[in-house]
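Visitor: Hi! I've got a protein model to look through and I'm new to this. Can you walk me through it?

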Amino acid sequence: MTMHQPIARTVFSPETLERMAALYPLQAGLLHHRLPDHPLLSLEALAALGESLAAGQVEYNPGDVPIGILPEDVPSNGLSIGETIRTIDTNKSWAVLKNIESEAAYRTLLMDLLGELKHVVEPQTGAMLTPQGFIFISSPGSITPFHFDPEHNILLQLRGTKVMNVWPAGDERFAHRREHERYHTGGHRNLPWEEGYREGAQQVPLGPGDAVLMPVMAPHFVANGDAPSISLSITWRSEWSYRESEAHAANAALRRMGLDPAMPPRWPSYAWMKTVGWRVARRLRIVA
């Protein structure tokens, strides 16, 4: 794997960090970055990375799929991950390389970027836990289906354009508490879609040099522009995000007992009794 090339200047300007401080951790919004062309992020380097990662760290499929497609209905594109990335200009596909921090050079790049954010993040949500990186490679016109993710996330657009369509995190009009419970007990990240949701979307257009701050569990889908796209997602967890996950998992257990528990509170509160109870139950192997 290519050795890490130090970044010659800071990637996030003071103005961007000020903007992030105003948004974090609850609001999605446009940011900017100055990540230059980097040998680790060329198409050939990413194809080689994809070929070196474990099977569970790569996901790829046709990109011309419905916004609300069910996970079990997503077809194969008939290519390998390396072929998918190398021919992304023409194969109408979408790919993600997950947990790139498993490769030393990519971990260094990830930690360099997250290091610039610590003084904004940690006063708000505490230590930056479980740093992870994801790289998205998309053909022109491809769609990433409607879903949510458990991490605090900044997605940096490196090549091409896309529009991030985002809905408020924790709003049950777009992702019911049962969807959170399902996900936090092992279910897929994709969410049920209704066309009426479009009216409630925040649209964040992205081009090279743009970035978007994504709150924990904010429903979203991504529509790629008319050129191939490469994006780098830098993510971290917080003690609060883990406790919210545990509260949803505890609610799922309560629902199996015939109850209808309320949606856990959002930042900065958390369902203290439920998270403590869930941790104790897990330790005693009372729940799966």
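Predicted model: local features only at pLDDT ≥ 70, side-chain atom pairs only at ≥ 80, totals over all residues.

Visitor: Is Lys98 buried or exposed?

Guide: Buried means under 20% relative accessible area, and Lys98 counts as buried because its relative accessibility is 19%. Leaving aside neighbours within four places in sequence, its contacts include Leu53, Gly133, Phe134 and Arg189.

Visitor: New topic: the sheet. What's the strand order?

Guide: Seven strands make an open sheet, ordered β1-β9-β6-β11-β4-β3-β2, with antiparallel pairing. At the edges are β1 (29-32) and β2 (58-62); each has a single partner strand, so one side of each has no neighbour in the sheet. On average, neighbouring strands here are turned by 20° against each other, direction ignored.

Visitor: What holds strands together in general?

Guide: Strands of a sheet pair through backbone hydrogen bonds.

Visitor: How many bridges join β4 and β11?

Guide: Eight, between β4 (residues 129-138) and β11 (residues 229-237). One example is Phe136, whose bridge partner in β11 is Ser231.

Visitor: Which strands does helix α1 lie across?

Guide: Helix α1 (residues 14-23) lies across β1, β6 (152-159), β9 (210-214) and β11, and runs at about 160° to β1.

Visitor: Let's switch to charges. How many salt bridges are there in the whole structure?

Guide: A search finds 14. In one of them, the side chains of Asp171 and Arg173 meet at 2.6 Å, N to O. Asp171 counts as buried at 18% relative accessibility, whereas Arg173 is exposed at 58%.

Visitor: What about Glu179, which residue does its side chain meet in a salt bridge?

Guide: Arg182, at 2.8 Å, N to O. Glu179 and Arg182 are three residues apart in helix α6 (residues 177-183), so about one helical turn separates them. Glu179 counts as buried at 18%, while Arg182 is partly exposed at 29%.

Methods
Residues numbered from 1 in each chain as written. Heavy atoms only, no water. Buried < 20%, exposed > 50% of the residue type's maximum accessible area, 1.4 Å probe, protein only. Contact = heavy atoms within 4.5 Å. Pairing = 2+ DSSP bridges. Helix = DSSP H or I, 4+ residues; strand = E, 2+ residues; numbered from the N terminus. Axes fitted to C-alpha atoms, helices over the stretch in contact; angles between N-to-C directions. Salt bridge = Lys/Arg side-chain N within 4 Å of Asp/Glu carboxyl O.
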